[in-house]
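Hi,

Here is the structure I promised to pass on to you. Have a look at it first, and then read on for what turned up.

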Amino acid sequence: MTLNLEQIRKDFPILERETRPGVRVTYLDSTATSQKPVQVIEAMNDYYRRSNANIHRGVHTLAEEATSMYEGAREKIAKFINASSSREVIYTRNTTESINLVAYSWARANLKAGDLVILTEMEHHSNLVPWHMLQAERGIELEFIPVTDDGLLDLETYKSLLSRRPKLVSFTHMSNVLGTINPAAEIIRLAHETGAVALVDGAQSVPHLQVDVQALDADFYAFSAHKMCGPTGIGALYGKTSLLEAMPPFLGGGDMIKEVKLRSFRANTLPHKFEAGTPAIAEAVGFGAAVDYLSAIGMDKIAAYEHEITEYALDRLEEIPGVKLFGPSADKKGGVAAFTLEGVHPHDVAQILDRDGIAVRAGHHCAQPLHEKFGIQATSRASFYLYSTKGEVDLLVNGIYKVKEMFG
Ligand code: 7TS
């Protein structure tokens, strides 16, 4: 079940990069964005060199080729998450836009003042702010599933909140700070029992776990290509056909219409109804190549390897006096290790590690309310992906000891 790490690392040219002479990068920031394998870089390069044209508009060879590459990638993505049809996969710019699409289209058509939306305390800002905005505009109500001290969702409180008959439950499948993998199927099942729609923020889960939207019975599922070996600038929203069919368009313009008159329009069919204007075509091709790359390795193998390296990293980090880790034990989380180091600001930790080429992130990681919950402003965060090695974890640990020495 282990990965061929030597081969995998060769696929990612950036891992050879020296950030200063003689200092090779140790990239431990894949939660923010993953690195890209040559297979993805070359697919996009080939597209621009051989096939570039606008899609859905031409009968000429290049236009047909570009259209079939763009739609072919959609098929691959649909299969990757086990959607029942590629019509249920809408291209967006990223997870943030996918969630906003639901907030603008579905929610504005279906929610009125007083309607309850349940979120959680561990959400990324992109699954908080769209709902704050709707609250200000519509007077919807927001409630939050609390996070326990060990970084899990308090499902008992969730169950009691459900008695208030929410219209929507929207939650992250995996936390980008705590790494917690939430019991998505159960959360969705309980939401459905009260008649609520369930939206899942899959920004961190689709890259790292085998996600099956039908098995989960998710109504909407949002994710970004750039966190799963694909390019920036493209993401996806999965939605059940019945919901998407009933929703009004999001942005208006070319491609999303069937017919336009001076004073009216008729919207296109799915999935084009939600894709106004010339889309990110090369990026879609890269997205498809990323899905091919991950599938060829196997998501089960990737998840198993990440579990192994996370367990190792948490064990090693825990040994360091003054390090405090956030989130649950390795068996309940993905490859994220957020920590504080006593007496040193997280930004200083990250800055000193960077001198040795070690890339970790410091800050609130767009989860300010979660940090507030734990009574802190910021954490340092190391995160792992299929190309990360135990040797890199050792470099991180040595680096933290060095920081400790510098700060006495
Ligand atoms: N949801 C979660 C759980 C995330 O981790 C992120 C990005 C997003 C949504 C937004 O994704 P985007 O592609 O639309 O930006 N998380 C991070 C992070 O942890 N550090 O930088 C970005």
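Let me begin with a loop. Asn82 belongs to the loop that runs between α3 (61–80) and β4 (89–92). Its phi is near 55 degrees, a positive value in a residue other than glycine. Please keep in mind here that this is a predicted model.

The peptide bond that joins Leu270 to Pro271 is cis, with omega at about 0 degrees. As background to both spots, most residues other than glycine have a negative phi, and most peptide bonds are trans.

Now to the overall fold. The protein has 14 helices and 17 strands. Its radius of gyration is 22 Å, close to the 22 Å that the globule rule gives for 408 residues, so the protein is as compact as a globular protein of that length. Along the principal axes, the C-alpha atoms fill a box of roughly 70 × 55 × 35 Å.

Where does the ligand sit? You will find it in the largest pocket. The ligand is surrounded by 17 residues, and the closest are Thr96, Asp201, Gln204, Ser224 and Arg381. By class, the shell around the ligand consists of eleven polar, four charged and two nonpolar residues.

- Lys227: a polar side-chain atom lies 2.9 Å from a nitrogen atom of the ligand.
- Arg381: an N or O atom in the side chain is 2.7 Å from an oxygen atom of the ligand.

Taken alone, the ligand exposes 490 Å², and the protein buries 90% of that.

Happy to hear what you make of it.

Best wishes

Definitions and conventions. Residues are numbered from 1 along each chain as its sequence is written. This is a predicted model: local features need pLDDT of at least 70, side-chain atom pairs count only at pLDDT 80 or more; totals for chains, interfaces and linings use all residues. Side-chain values use heavy atoms; hydrogens and water are left out. A residue is near a molecule or strand if one of its heavy atoms lies within 4 Å of it. A polar contact is a pair of N or O atoms within 3.5 Å; within protein, one must be able to donate a hydrogen and the other to accept it, and residues adjacent in sequence count only if both atoms are side-chain atoms. Accessible areas come from the Shrake-Rupley method with a 1.4 Å probe; for residues, only the protein chains shown count as cover. On a 1 Å grid over the protein atoms alone, a cavity is a set of points where a 1.4 Å probe fits but cannot get out, and a pocket is an open set with protein on both sides within 12 Å along at least five of seven lines; lining residues have an atom within 4 Å of a point. A molecule sits in a cavity or pocket if more than half of its atoms lie within 2 Å of its grid points. Ala, Val, Leu, Ile, Met, Phe, Trp, Tyr, Cys and Pro count as nonpolar, Asp, Glu, Lys and Arg as charged, and the others, Gly among them, as polar. Helices (H or I, at least four residues) and strands (E, at least two) are DSSP runs, numbered from the N terminus. The radius of gyration is taken over C-alpha atoms; the globule rule is 2.2 Å times the number of residues to the power 0.38.
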